[in-house]
Amino acid sequence: MEEFKSSGMVLPFLFCDSSRSLELSKRYGYPTWMISRFLEIIPDTQKLLEALASKPRRYIRINTLKTKVEDLVERLLAIGFDIKQTILPEVFEITKEKFSLGSTIEYLLGYYYIQDLSSCLAVEELDVSAEQRVLDMACAPGGKTTYLAQKMDNNGVLIALDPSRKRIRSTFYNLMRCGVRNTLVYQMDATNVFHLGIKYDRVLLDAPCSCEGVISKDRSLLDNHYPGLINKCAERQRALIRAAIKVTKPGGLIVYSTCTFAPEENEIAINSILSSYDNIEIEPVTNGENGLTTFGRLTLNSSLKDTKRLYPHIHGTLGFYIAKLRVKNVSL
Amino acid sequence: MSLYRKTSLQERTVLRRAFSKWDVFEYFKDKLIYVRTNNVGRKQIFFLPSEIMMTDKQPLYAGLLIGELGKQFSPSIQMSQIIAKEGKNFPSIKVNSKGETMVVYGRDVFVDSIIEHNTHRENEMVIILNQRNEAIGIGRTRNKSNHIAIKGKIAVTTIADIGQYLREEDLDV
């Protein structure tokens, strides 16, 4: 294992190439450095690469702000879709798609949102309720925001942030389509969220990341992927987690998620937070493979096993990571 | 720069009249309504649940866009869905499945597609419902109701529909 340092920049952990990594790299068209890392951390790496080469499963989340689960299921079956229940009551896998999912009347009416199960699981873990103040730190295009509003039954206060006005426009469309009315959307870099002067009961930080877990959706991500990107993302993610902690009420909960496999953006990022803050503790996430507690020669906080990784070849979702951080009530 | 503010007395009067016309006066009686002037100077009306607070810093968007206010109130698609759900007696037409498809592509409504209507006025704003009584658009009657029997004629001009945002991704709101 090598940790590269050049001109003050710490690059991610890279591993020596092996005949196996060279073979898989050639067969699936990935850079060898990525495969070597995957072999180190991901069970059945070849099956993962097979899964990433095929079309990802499609899921919808039924918007109970506008319709009932049983009514929409009946309607979708009647117009020729085949659907399968998942572990979440309002999330279904589409096993046969007669028309484009994004062009049905039911979609336009806001009765469902096309959303991967992994994203829904992150929202589920946040355990929001109607009377809370909730923050979504990176809201565009609004999938998790609309689900949070649904979980809050359109009550309480949901603050949603995104730095891009263009992306906020698509968020706004989705909020309107889904009938969301408890949300205030700010065009803002989430590291400045404390400027709003609000403390939150719940914070969702679905952090911008290197997106290794969604390669099956967009193969071009591979062309723009390089070791330095992981480091760049990890630095930004740590700043965002610190900003989240700053605005969370004592006793409040933060759910941190990414759609990447890179430990630097997942367990290592959380590990550095656990080392810096004594009022933060990990709470167990329900679904997925245990988070890493070692990476190469690096040993991480043992509580990181309670964070979870979702893999396309094991869980049928996009690649995803979820950590749950409780801000402890500190008694003086 | 968007700016949210509470409604003025005059604006409230226009809104109350509109809510009565659309048979949702009772529904909106205790609701919090804000006005936002968008970057082209249009007054947009937003509905927020009463618990929500506004911070000192203005949001880009807050709540549900229910329409625009000029001399009169023009309901949004979201408002038409509230009307269809909460109202009982409001100007509407009901279209068949062919008409439904036309409307969500932004096309006007031909007489042949209309199954039911309760409007008898020319140039009146109506909610366009599908066969399940779901609001799929907002239109304006073109012909007098006695023309409604003439096949092949456009009876209602579609002015907003649920497919609009999808067709116009860069729609500035």
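This briefing walks through the pockets, interfaces and local geometry of the structure above. The model is a predicted one, so please read every value below as computed from its coordinates. Chain A and chain B share an interface that buries about 3000 Å², and the largest pocket has a volume of about 1200 Å³. Two cavities of 30 Å³ or more turn up in a search of the whole structure.

**The largest pocket**

- The volume of the largest pocket is about 1200 Å³, and 42 residues line it, with A:Ala140, A:Pro141, A:Lys144, A:Asp206 and A:Lys217 the closest to its centre.
- Five elements of chain A each supply at least two residues of this lining: the strands β3 (58–62) and β6 (112–114), and the helices α6 (117–126), α7 (143–151) and α9 (227–247).
- Helix α7(A) gives the most to the lining, with three residues.
- Sorted by class, the lining holds 22 nonpolar, twelve charged and eight polar residues.

**A cis peptide at the pocket**

- A:Ala140 and A:Pro141 are joined by a cis peptide bond, with omega at about 5°.
- Most peptide bonds are trans.
- Both partners of this bond are also among the residues closest to the centre of the largest pocket.
- A:Pro141 sits in the loop between β7 (133–136) and α7 of chain A.

- A:Asp153 has a positive phi, near 55°, although A:Asp153 is a residue other than glycine.
- A:Asn154 also has a positive phi, near 65°.
- A:Asp153 is found in the loop between α7 and β8 (157–162) of chain A, and A:Asn154 lies in the loop between α7 and β8 as well.
- Most residues other than glycine have a negative phi.

**Where chain B meets chain A**

- On the chain B side 37 residues are in contact with 32 residues of chain A.
- The area buried between the two chains is about 3000 Å², and carbon and sulfur atoms give 65% of that area.
- The count of salt bridges between chain B and chain A is one.
- B:Glu134 and A:Arg75 form a salt bridge, with their closest N and O atoms 2.5 Å apart.

**The two domains of chain B**

- The domain assignment of chain B gives domain 1 (5–85) and domain 2 (91–169).
- Twelve residues of domain 1 are in contact with 14 residues of domain 2.
- The area buried between these domains is about 920 Å², with 75% of it from carbon and sulfur atoms.
- Zero salt bridges are found across this domain interface.

**The largest cavity**

- Two cavities of 30 Å³ or more are found in the whole structure, and the largest cavity holds about 70 Å³ of space.
- From chain A, the residues lining the largest cavity are A:Lys66, A:Leu108, A:Tyr173, A:Met176 and A:Arg177.
- From chain B, the lining takes in B:Ile77, B:Gln78, B:Gln81, B:Asp161, B:Ile162 and B:Tyr165.
- The elements that give two or more residues to this lining are α8 (165–177) of chain A and α3 (77–86) of chain B.
- Six of the lining residues are nonpolar, three are charged and two are polar.
- The largest cavity lies between domain 1 (5–85) and domain 2 (91–169) of chain B, because both domains give residues to its lining.

**Salt bridges overall**

- Over all chains, the structure holds 24 salt bridges.
- One of the salt bridges pairs A:Glu23 with A:Arg27, whose closest N and O atoms are 3.0 Å apart.
- A:Glu23 and A:Arg27 both belong to helix α1 (residues 19–28) of chain A, where they are four residues apart, about one turn of the helix.

How values were computed:
Residues numbered from 1 in each chain as written. Chains lettered and ligands numbered in written order. Predicted model: local features only at pLDDT ≥ 70, side-chain atom pairs only at ≥ 80, totals over all residues. Heavy atoms only, no water. 1 Å grid on protein atoms, 1.4 Å probe; cavity = no way out; pocket = protein on both sides within 12 Å on 5 of 7 lines; lining within 4 Å. Points joined across faces, edges and corners; volume = space filled by probe spheres on them. Nonpolar A, V, L, I, M, F, W, Y, C, P; charged D, E, K, R; others polar. Domains from an automatic or database assignment. Contact = heavy atoms within 4.5 Å. Buried area = accessible area lost by both parts, 1.4 Å probe. Salt bridge = Lys/Arg side-chain N within 4 Å of Asp/Glu carboxyl O.
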